[in-house]
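Subject: Structure handover

Hello,

Here is the structure for you to look through. Please open it first, then read the notes below.

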Amino acid sequence: MAMVSDRSPVPRPITHPWTLGLLGILAVLLLWFLISASGSVDKLFLPSPQAVWQAGQREWSSGMLPKDLLASVQRVFIGFAMSAGLALPVGIAMGTNPVICRLLEPLMGLIRYMPAPAFIPLLIIYFGLEELPKVLLIFIGTFFFNALMIMDAVKFVPHELVETARTLGGRGLPIITRVVAPYIAPQVLDTYRINMASAWNLVIVAELVAASEGLGKRISLAQRFLRTDEIFVGLIVIGLIGLAIDLGFRLLMRRACAWAS
Amino acid sequence: MHLQVSDVSKTFGHGRAAKQVLEAVSFDLHAGEFVALVGSSGSGKSTVMRLIAGLDTPTSGMISLDGRPVRGPGSDRGMVFQKYSLYPWLTAAQNVAFGMELQGRSRQEVRERTSYFLEVVGLVDAARCLPRELSGGMQQRVAIARALAAEPRVLLLDEPFGALDIQIRESMQEFMHQLWQRTGLTALLITHDLEEALLLASQVHIMAPSPGRIVRRVAVDLDRSSMADLRLSPSFLSLREDLARTLRGLDAQPQ
């Protein structure tokens, strides 16, 4: 692997990306602490970091936070798994077959620009207030982006790679599974990573509108009782999960697609 | 083995936008021969290659292999592209095995032939390397091994050394010549490098552009026992100069 180590020499500890990233977060935490400690902002609007930490502990030990967390994570994962799973074959079909592409691209381009939250009223009318409409919202909000981005990735597969396989006697499905799919795998994972963020936005929006549990629901309840500390807890937890998922995708990509890094 | 290209023409586009890129191209290739098509860019030589590979279809004329018309790509015509044709996620050995796996050969056979052909191209030590860890010359040798391993009846080389540095190109030409002598393969080489064509091929066809056509055919009968000597021998140099004049004359013509 001698050919890949031509990056800058070993970075000094302070300029290491992780150190700098942590510094940025700590700076904001410190600022938050100083402002709330100075007493210049009403506690009701800006709870102190300690108060938020305590609220978090309280919600965790009462079992509320784990339950909300599980509900939201479950919705995101089911909705996004459906979206990702269907977008892969559809995106590949659109990328490899011009007829399918011409048929679907305008339609999907149109729906993509309809804001997914605007579908909530319809989904509630059709499917009520249970799990299905929330999962479907995540599906609607991410499927078209996933499919179109995968289609684009397929269109950038070098012709030589496909033509080589054909001159070696390959045709039909093996070209897709053995040439196209491995080549686009890194971009597909990146597509999923990016659109996962929308899935999290949408689950919170759906829960704000109608839900009996979930992180979004907790935030909207906290608003009703002016519990800004609990709102902060919800926001921070959502951010942390998003970050964890993002890192998970990056790790998966580095492991599974080492050739592309 | 008899590859027959007879009276092949190719036009891209329709109506006013139509552009004829090949006009009545004919030549033959028999088992064990090494034939080169030489021409500047725009002479349609790559199009000839794609038509033979079955990646495109001629507008008129006929291409046949052992009497059977070519109707699409197939493993009887192996192709080596100028670049970007190794699968970047597969190791050198996996790249060589790729075609044989598509052909559905047994695991045992794939394994044996993979190591055999890696040895043929001198890359046993690089078997587990990814393409990006290999130099350009090594990558092309893997591509050649992969094409040969699928047992083609004719090997199509589309400017295979065109993207390489001059020193590496010379050593690859030497390698290609030895490979041809050792394995008795049948090859069609496309190149714009006259010297390369004369070093490797027993038959050289010179192509002219707009539309692409063969304007001169030369049988090359040179002593190839030492390539270094050959490059400097008077007969080689005079033949090269003679053909270079033909090519220059073509470029000078108004199009």
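Start with one term: two strands pair if DSSP finds at least two bridges between them. S1(B) and S4(B) meet that rule, as they pair in the antiparallel sense over 5 bridges. Keep in mind throughout that this is a predicted model.

B:Leu3 stands opposite B:Leu65 in S4(B). Now step back to the sheet. Its 4 strands run in the order S2-S1-S4-S5 in chain B. The sheet is open, and the pairing is antiparallel. In general, strands of a sheet pair through backbone hydrogen bonds, either parallel or antiparallel.

Which strands stand at the edges? They are strand S2 (19–30) and strand S5 (68–69) of chain B. Each has a single partner strand, so one side of each is left without a neighbour in the sheet.

Look next at the S5 end. Strand S4 (residues 60–65) of chain B is joined to S5(B) by 2 bridges, and the two run antiparallel. B:Ser64 has B:Pro69 as its bridge partner in S5(B). B:Leu65 stands opposite B:Arg68 in S5(B). S4(B) and S5(B) form a hairpin, with 2 residues between them. In the turn, B:Asp66 has a positive phi of about 55°.

Helix H1 (residues 45–53) of chain B lies across strand S1 (2–12), S2 and S4 of chain B. H1 runs at about 120° to S1(B).

Chain B has another open sheet, with 6 strands. Their order is S6-S7-S8-S3-S9-S10, and the pairing is mixed. S6 and strand S10 (213–219) of chain B are the edge strands, and each pairs on one side only. From one strand to the next, the twist averages 20°.

One pair to find is B:Met207 with its bridge partner B:Ile214 in S10(B).

Two helices of chain B

Find helix H3 (residues 107–120) and helix H4 (residues 136–149) of chain B. They pack at an angle of about 135°, with their axes 9 Å apart. That angle makes H3(B) oblique to H4(B). H3(B) passes H4(B) in a right-handed crossing.

Which residues make the contact? From H3(B) come B:Arg113, B:Thr114, B:Phe117, B:Leu118 and B:Val120. From H4(B) come B:Ala145, B:Leu148 and B:Ala149. By class, this contact of H3(B) with H4(B) has 6 nonpolar, 1 polar and 1 charged residues.

Chain A

Chain A is built from helices: 10 of them, and 0 strands. Along the sequence, the pattern reads α-α-α-α-α-α-α-α-α-α. The C-alpha trace of chain A spans about 75 × 60 × 30 Å along its principal axes. Of the 261 residues in chain A, 31% are buried. Take the contacts in chain A between residues at least 6 apart in sequence: 71% of them join residues at least 24 apart.

One helix pair deserves a look. Helix H7 (residues 159–167) of chain A packs with helix H8 (residues 173–209) of chain A at an angle of about 160°, and their axes are 10 Å apart. Angles over 145 degrees count as roughly antiparallel, so H7(A) is roughly antiparallel to H8(A). The crossing of H7(A) past H8(A) is right-handed. H7(A) brings A:Leu161, A:Val162 and A:Ala165 to the contact. H8(A) brings A:Ile175, A:Val179 and A:Tyr183. By class, the contact of H7(A) with H8(A) has 6 nonpolar, no polar and no charged residues.

Where the chains meet

How many residues of chain B are in contact with chain A? There are 22, and they touch 16 residues of chain A. On the chain B side, strand S6 (77–80) and helix H2 (92–102) each supply at least two residues. The residues on that side of chain B divide into 13 nonpolar, 6 polar and 3 charged. Note that S6 is also an edge strand of the sheet of 6 strands in chain B.

Best wishes

Terms used: Residues numbered from 1 in each chain as written. Chains lettered and ligands numbered in written order. Predicted model: local features only at pLDDT ≥ 70, side-chain atom pairs only at ≥ 80, totals over all residues. Contact = placed C-beta atoms within 7 Å. Nonpolar A, V, L, I, M, F, W, Y, C, P; charged D, E, K, R; others polar. Axes fitted to C-alpha atoms, helices over the stretch in contact; angles between N-to-C directions. Parallel < 35°, antiparallel > 145°, perpendicular 65-115°, else oblique. Left-handed = near helix turned anticlockwise from the far one by under 90°. Buried ≥ 20, exposed ≤ 12 C-beta atoms within 10 Å, placed from the backbone.
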